[in-house]
Amino acid sequence: MAATASPGAGGMDGKPRTSPKSVKFLFGGLAGMGATVFVQPLDLVKNRMQLSGEGAKTREYKTSFHALTSILKAEGLRGIYTGLSAGLLRQATYTTTRLGIYTVLFERLTGADGTPPGFLLKALIGMTAGATGAFVGTPAEVALIRMTADGRLPADQRRGYKNVFNALVRIAREEGVPTLWRGCIPTMARAVVVNAAQLASYSQSKQFLLDSGYFSDNILCHFCASMISGLVTTAASMPVDIVKTRIQNMRMIDGKPEYKNGLDVLAKVVRYEGFFSLWKGFTPYYARLGPHTVLTFIFLEQMNKAYKRLFLSG
């Protein structure tokens with residue numbers, strides 16, 4: 001990240017001057033929110049495909065394109081942005097926390113001579129930041145999953161949340177406050193996988209590209225490093241992500257939840273939908289995660305560089 005990789009004016013301890021921690025947290029959230037505006041339709045398609053054919057081998061959508069066209073036909077152009085308010089709140093909480101913590105830890109563990117942490121330490125930093133951010137962002141995640149899933153249900157079974165705040169209030173009132181953290185464990189587990197892969201592989205990829213001599217610290221380098229990071233993250237996290245999605249969207253049947261826990265989700269998906277259904281929706285998952293990763297880090301790099309130019313230079 002620019003805040004940790006680009007030299008600035010030296011401080012009293014010999015380390016480069018950097019932006020305050022509050023600014024790091026703010027920039028992390030703003031970068032994630034900016035990216036979400038562009039990729040929300042892909043998030044919607046991903047969630048719908050992960051829920052399609054639940055409990056059976058027949059899927060509602062054959063491909064990502066089929067899902068997108070079906071949603072547009074049934075719900076209109078506005079329908080593909082269903083749940084945007086929840087997506088923005090998720091980024092304001094989850095991404096702000098994880099990127100802020102990651103940046104602070106990365107900076108603290110960087111040597112006095114500017115030597116960055118090793119790969120394993122980067123992965124540990126990423127997992128710590130991700131798990132913390134996931135806990136903070138779980139209520140918004142629950143609202144997002146439910147809001148994006150609503151359109152696939154018959155009219156009399158829809159929850160009909162007006163926006164993310166209406167969703168949070170209704171969930172707390174109708175199902176109890178603990179329901180806002182339903183699926184917290186798989187959400188945190190997914191975040192550990194995602195952040196270990198995404199944040200560490202981004203830092204490592206960027207460092208490798210810069211060391212190759214073919215790239216300078218610019219948008220092209222950030223783009224290539226982000227695409228590599230997104231691919232690694234997609235391959236590693238899809239089975240955990242489908243567990244999270246199913247648990248957060250599940251209903252109570254005769255007073256009992258549809259799934260007992262994450263392992264129950266995995267077992268039922270494999271049994272009734274096939275082993276490779278754990279990777280159901282691979283295309284929209286990467287189509288969403290790849291660009292979101294790219295846009296998040298590009299926005300973050302540019303905001304950090306602008307801050308350094310305006311406030312830390314000289």
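Residue numbers start from 1 along each chain as its sequence is written, and side-chain values use heavy atoms, with hydrogens and water left out. Because the model is predicted, local features need pLDDT of at least 70 and side-chain atom pairs count only at pLDDT 80 or more, while totals for chains, interfaces and linings use all residues.

**Stop 1: helix α2**

Select residues 21–51, which form helix α2. Helices here are DSSP runs of H or I with at least four residues, strands are runs of E with at least two, and both are numbered from the N terminus.

Where does α2 bend? Look at Val-39, where the bend is about 65°; Pro-41, a proline, follows within four residues. The bend is the angle between axes fitted to the seven residues ending at a position and the seven starting there.

Now show the rest of the chain. Of the 31 residues of α2, 22 are buried, so the helix is largely enclosed by the rest of the structure. Buried means under 20% relative accessible area, exposed over 50%, and partly exposed in between, with a 1.4 Å probe and protein chains only. After α2 comes Gly-53, with a positive phi near 70°.

**Stop 2: from Pro-41 to Leu-77**

Select Pro-41 and Leu-77. They are 36 residues apart in sequence and 9.7 Å apart in space, C-alpha to C-alpha. Leu-77 is found in helix α3. Is Leu-77 buried or exposed? It is exposed, with a relative accessible area of 64%.

**Stop 3: the second largest pocket**

Next, select Thr-82, Gly-83, Met-147, Asp-150 and Tyr-161, the closest to the centre of the second largest pocket among its 16 lining residues. This pocket has a volume of about 360 Å³. Both α3 (64–79) and α4 (84–108) supply at least two residues of its lining.

On a 1 Å grid over the protein atoms alone, a pocket is an open set of points with protein on both sides within 12 Å along at least five of seven lines; a cavity is a set where a 1.4 Å probe fits but cannot get out; lining residues have an atom within 4 Å of a point. Points are joined across faces, edges and corners, and a volume is the space filled by probe spheres set on them.

**Stop 4: the cavities**

The structure holds three cavities of 30 Å³ or more. For the largest, with about 110 Å³ of space, select its lining residues, including Arg-90, Tyr-94, Glu-141, Gln-198 and His-292. Helix α4 gives the most to this lining, with five residues; α7 (184–212) and α10 (282–312) each supply at least two.

For the second largest cavity, about 40 Å³ in volume, select Asp-43, Lys-46, Arg-90, Arg-190, Tyr-285, Arg-288 and Leu-289. Two or more of these residues come from each of α2 and α10, and α10 has the largest share, three residues.

Conventions:
Expected span 1.5 Å × (residues − 1).
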